[in-house]
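Hi,

Here is the structure I promised to pass on to you. Have a look at it first, and then read my notes below.

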Amino acid sequence: MTAIRTILLAGIAAAALTTGVVAQDNVLRIGLLGGENEADRLRDNQCLVDLMKSELGFSDVQLFPAADYNGVIQGLLGGTLDYAELGASSYAAVYLQDPNAVEPILTTEQTDGATGYYSIMLARKDSGIETLEDMKGKKLGFADPDSTSGYLVPVVALPNDVKMPVEEYFSETGFGGGHENLVLAVLDEQFDAGVTWGSGVGEFSEGYSSGNIRSMVDKGMLDMEDVVELWKSPLIPNGPIVLRSSLDQETKDKIEAFLKALPETNYECFRAAQAGDYNGYVEVDATFYDAIIAARKATIGG
């Protein structure tokens, strides 16, 4: 597998935590997964920074956007981050290396009550590709090696649908550098199709109710008239919000209570941070991700 790009932005190292019981200097450090324009990620999560400082009493809340998924994974494993929202496969990567590094506390609930989402394969409408069968011998793009919907689930699920290994069915595969960049690469004809994520709830013509597809539509980066859906995976568990395990329990409890209330106290902020519409948060623990942990261990190994 192509070597995974590593390391959070240099600022993480400069502001690294020493592993301790409480957030050092009462500062909360939040890791943001890569794959979306950095300015957009910072803007969409700024409301969380402001609210956590004013309502939870942190002296500072700092956002650390990673170049890729692995940057946040390593930040959590190294104790330089206190909080992150991960995909299920990224959480599995942390768990398989250190099951005690972080605690999953919450995940999102879709507007239809589901606690999952889908890997969705998109192609350009003008490509003439209309079905998964049309992709045989074509070039498929993945989002990121540590993405659940953008790599792990397609690699596991697609062989069942195409009746052969991915590397035999498609002429070539590659990575787009995150979900947003992957879709842009498909539109730019670097791939014949690519796998990204969406809620699968609501109208395809609107980019569904939430997920990367909806986010790109909302930002004017994607016109659904330009793409077709070729394949949808089985339901994938929504990824968890995780906290560094060595944070003190009082800090964990107040963060969890704040997040549970956020959809009612400030839905605009909740929606911005989540890139779409959801009912709210529900509690989860490590067992919610048993199947993804097992799939990642068998497929990637860690």
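A charge sits over a ring if NZ of Lys or CZ of Arg is within 6 Å of the ring centre and within 35 degrees of the ring normal. K254 lies over the face of F58 in this way, 4.8 Å from the ring centre, and K232 lies over the face of Y118 at 5.3 Å.

Some background: this is a predicted model, where local features need pLDDT of at least 70 and side-chain atom pairs count only at pLDDT 80 or more, while totals for chains, interfaces and linings use all residues. Residues are numbered from 1 along each chain as its sequence is written, and side-chain values use heavy atoms, leaving out hydrogens and water.

Next, the disulfide (a pair of cysteine sulfur atoms within 2.5 Å). The search of the whole structure finds one, joining C47 to C269 with 2.1 Å from S to S. C47 lies in helix α2 and C269 in helix α10, so the pair ties together parts 222 residues apart in sequence. Helices here are DSSP runs (H or I, at least four residues), numbered from the N terminus.

Finally, the aromatic rings. Rings of Phe, Tyr and Trp (its six-membered ring) pair if their centres lie within 6.5 Å; planes under 30 degrees apart are stacked, over 60 edge-to-face, and the rest tilted. The count comes to twelve aromatic pairs. Among them, F142 and Y151 have centres 5.1 Å apart and planes at 90 degrees, so they are edge-to-face. Ring pairs also link Y91, Y95, F288 and Y289 into a cluster.

Happy exploring!

Conventions
Helix = DSSP H or I, 4+ residues; strand = E, 2+ residues; numbered from the N terminus.
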